[in-house]
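Could you open the structure and look at its aromatic rings with me? Here are a few friendly notes to read alongside it.

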Amino acid sequence: MLELLSPAGNMEKLKTAFQYGADACYLAGKKFGLRAFSGNFDNEELVEAVMYAHALGKKVYITINIVAHNSDFDGLEDYLKFLSEIGADGIIVSDIGIIALARRVVPDLDIHVSTQANVTNKYSAKYLCDMGVKRLVLARELSIDEIKEIREYIPDDVEIETFVHGAMCISYSGRCLLSNYLNGRDSNRGACIQACRFEYSICEKTRKGEQYDIQEDDRGTYILNSKDLCMIEYITELINAGVTSFKIEGRMKSPYYVATVTNAYRRAIDDCVAGRKFKKVYLEELEKTSHRRYTTGFYFGAKDKEYIENSMPIQTHEFMAVVKVDAVDGWAVIEQRNRFKVGDKLEVLSPNETFNKVIVVEEMLDDSGNNVSDASMVQQVLKLKTDLKLKAGDILRRKIDK
């Protein structure tokens, strides 16, 4: 059974991911995860998230993927028991000490080995399988051929998950110390400041104070950036290698990002399974939300010269509004997210048949029934005139003028 796995930094993103076709979401509680600066979920929200997912027949996996120190085990046993009691579908773990603890105190809770565990060979993979893990999230540095070798070597009932889309850490399997060194925030315990995204220059030792940019565009120099991963054209190759869970990176990205990317991969996977030819429109979709230029990473062998990026994120479209109430009698209730006006052309992002349809804004009304020609008030709720059968959760976007 193939699975599309999307990120959920908070409840809004979780609901967005499921609406746009995710089979499962991965997320973190307030502790033990590697994205301390995303919204994350307190214990009550974790209960809500699991119940919401299960009501849809979908799954939730909780990250406990820090590189753990002794003190990190304080309270961990109770937290594991809590996750088991609320029905979490699995935990994502990198530390073998945490794996051992989980196997002892919550033996029925599925363990997924995080990419942070750096599984790069079939012998490590097999050893982890012998420890009782349910799924391996393989290191991002593997080729498709290497993944296939691992798949053939491990038990059939252990699943393989790989990242297919999103930002890539410049360090091996995400093990980076830049944040620790520059700001004292431990990237391997959830506090990464993404120092690799900063602007950098170099200084020749004998010329104190003289700085030189290495690679540059009109917004600066970003010599430690990686391009973003994109494997949407190669779903078939990944399936043939034995991958069953396709993971999208981005718990700190916007709901618009989650919707756009999840929707594109959902459609691409469904087409692949049905034997339909890949549609270039899915690749075009991924240009419409914030990203760096795309790469296939190491899947087809190391391509170091194609891996480094020297620019800021780009996108062709921006998020203008979200539909709050289904369209009825030619009117839909929307919530503004960016400024637009009567006469503007808005494109629909939807998991439904209105996907990529275009609306020319003809008339808008505020909650008092007054005409609005310029939607300039932040998150203003409006009625939008449209003949399209818009559904709650659909997103309206506009092409960015160059």
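The points below go through some ring pairs and then some charges over rings.

1. Before you start, keep in mind that this is a predicted model. In it, the count of aromatic pairs comes to six.

2. Start with Y234 and F300, whose ring centres are 4.9 Å apart. Their planes meet at 65°, and over 60 degrees counts as edge-to-face, so this pair is edge-to-face.

3. Where do Y234 and F300 sit in the chain? Y234 is in the loop between β10 (228–230) and α8 (235–241), while F300 is in the loop between β12 (294–295) and α11 (304–307). The two residues are 66 residues apart, and their pair links distant parts of the chain.

4. Next, find F278 and Y282, another edge-to-face aromatic pair. Their centres are 6.0 Å apart, with 75° between the planes. For F278 the relative accessible area is 25%, which makes this residue partly exposed. Y282 has a relative accessible area of 6%; buried means under 20%, so Y282 is buried.

5. Finally, look for charges over rings. R140 lies over the face of F163, 3.9 Å from the ring centre. At K253, the charged end sits over the ring of Y257, at 4.1 Å from the centre of that ring.

Conventions
Residues numbered from 1 in each chain as written. Predicted model: local features only at pLDDT ≥ 70, side-chain atom pairs only at ≥ 80, totals over all residues. Heavy atoms only, no water. Phe/Tyr/Trp six-rings, centres within 6.5 Å; stacked < 30°, edge-to-face > 60°. Helix = DSSP H or I, 4+ residues; strand = E, 2+ residues; numbered from the N terminus. Buried < 20%, exposed > 50% of the residue type's maximum accessible area, 1.4 Å probe, protein only. Lys NZ or Arg CZ within 6 Å of the ring centre and 35° of its normal.
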